[in-house]
Amino acid sequence: MPELPEVETVIAGLKPQITGAKLVSVSNSGKNLRYPLPNFSILLQQHIQSVERRAKYLLFHFENGQTLIWHLGMTGQFHVLAQHQAKTKHEHVTLAFTDGNTLRYRDTRRFGYAGLCRTNDLDQHPWFAKLGVEPLLDDFSDDYLQNILKTRKTSIKQAIMDNHVVVGVGNIYASESLFRAGINPTQVANSLKPKQYALLVQHIKTVLAEAIEAGGSTISDFVKADGKPGYFAHSFQVYGRDKQPCLVCKKPIEKIVLGGRASFFCPHCQPFK
Ligand SMILES: [Zn+2]
């Protein structure tokens with residue numbers, strides 16, 4: 001499933017190709033995605049002014065104050081191809097522009113979805129209204145985290161993966177940032193020391209920023225017809241490494257299940273505090 005860094009990388013790949021493009025037509029395969037597709041007619045003859053990310057959503061802002069919102073689901077991919085290039089398998093939506101380019105949405109499992117919203121009303125849209133802060137913005141600070149978790153009795157790992165607290169910290173990035181911060185994933189969320197909240201915030205930002213940077217080197221893959229997500233080759237210190245020696249202390253990494261998700265940690269480097 002694409003996580004925040006992957007969505008950020010997709011957007012970085014799309015931006016130079018479609019910013020300023022004027023939409024002329026939209027066609028689809030006739031198959032529904034997770035929800036029925038929106039009526040695109042309000043976007044026709046409009047230029048795309050910018051492309052942004054909020055949580056794991058792509059936001060295509062159009063000049064008439066409308067925003068096309070898109071979630072990639074499990075297997076969604078965007079590719080920019082010339083209009084004459086043949087349709088490929090699992091291609092469900094095609095946006096055609098006046099410059100002869102097309103933006104193709106391909107999705108094998110069709111869990112992705114799209115919607116329309118006035119740009120000014122995005123914060124109140126049901127998909128966004130209850131979302132927590134963006135992890136890479138200054139809003140996500142140690143004070144913020146400590147405060148929002150002050151009554152939270154779940155594990156710290158589940159808490160940082162909760163979209164109402166902070167968006168975009170998936171299972172891999174939660175495990176990795178807790179390891180770097182030396183915090184046990186099962187520790188009760190409101191029981192951390194102030195310094196631990198600060199360390200955790202710092203490492204969540206670093207882990208995500210590093211993943212975005214790693215993805216940036218393979219941006220071109222996203223815009224080719226056969227784009228492969230090579231950025232997943234990014235190496236992990238604990239994730240997926242149970243029973244293997246910790247890279248710091250050489251003791252074995254352990255795997256436990258928290259909130260139904262596999263969690264990896266080093267009991268020696270991540271003791272209870
Ligand atoms: Zn260790």
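**Exercise 1. Find the residue that stands opposite F78, and describe how the strands around β7 pair.**

Step 1. Opposite F78 stands Y105, a residue of β7. The model is a predicted one, in which local features need pLDDT of at least 70, side-chain atom pairs count only at pLDDT 80 or more, and totals for chains, interfaces and linings use all residues. Residue numbers start from 1 along each chain as its sequence is written.

Step 2. Strands (E, at least two residues) and helices (H or I, at least four) are DSSP runs, numbered from the N terminus. Two strands pair if DSSP finds at least two bridges between them. Strand β5 (residues 76-82) pairs with β7 in the antiparallel sense over 7 bridges.

Step 3. Strand β6 (residues 91-97) also pairs with β7, antiparallel, over 5 bridges. Here A96 has T102 of β7 as its bridge partner. The β6-β7 hairpin has 3 residues between the strands, and G100 takes a positive phi near 90° in it.

Step 4. A residue is buried if 20 or more other C-beta atoms lie within 10 Å of its own, exposed if 12 or fewer, and partly exposed in between, with C-beta atoms placed from the backbone. In strand β7 (residues 101-107), 6 of the 7 residues are buried, so the strand is largely enclosed by the rest of the structure.

**Exercise 2. Give the order of the strands in the open sheet and state which helix packs on it.**

Step 1. The open sheet has 4 strands in the order β2-β3-β4-β8, with antiparallel pairing. At the edges are β2 (48-54) and β8 (113-118), each with a single partner strand, so one side of each has no neighbour in the sheet. From one strand to the next the twist averages 20°.

Step 2. β2 pairs with strand β3 (residues 57-62) in the antiparallel sense over 6 bridges. The bridge partner of R53 is L58 in β3.

Step 3. Helix α1 packs on the sheet and touches β2 and β3; its direction makes about 175° with that of β2. Axes are lines fitted to C-alpha atoms, for helices over the stretch in contact, and angles run from 0 to 180 degrees between N-to-C directions. Contact means that the C-beta atoms of two residues, placed from the backbone, lie within 7 Å.

**Exercise 3. Identify the partner of strand β9 and the glycine in their hairpin.**

Step 1. Strand β9 (residues 254-258) pairs with strand β10 (residues 261-265), antiparallel, over 5 bridges. V257 is opposite A262 in β10.

Step 2. With 2 residues between the strands, the β9-β10 hairpin contains G259, whose positive phi is near 55°.
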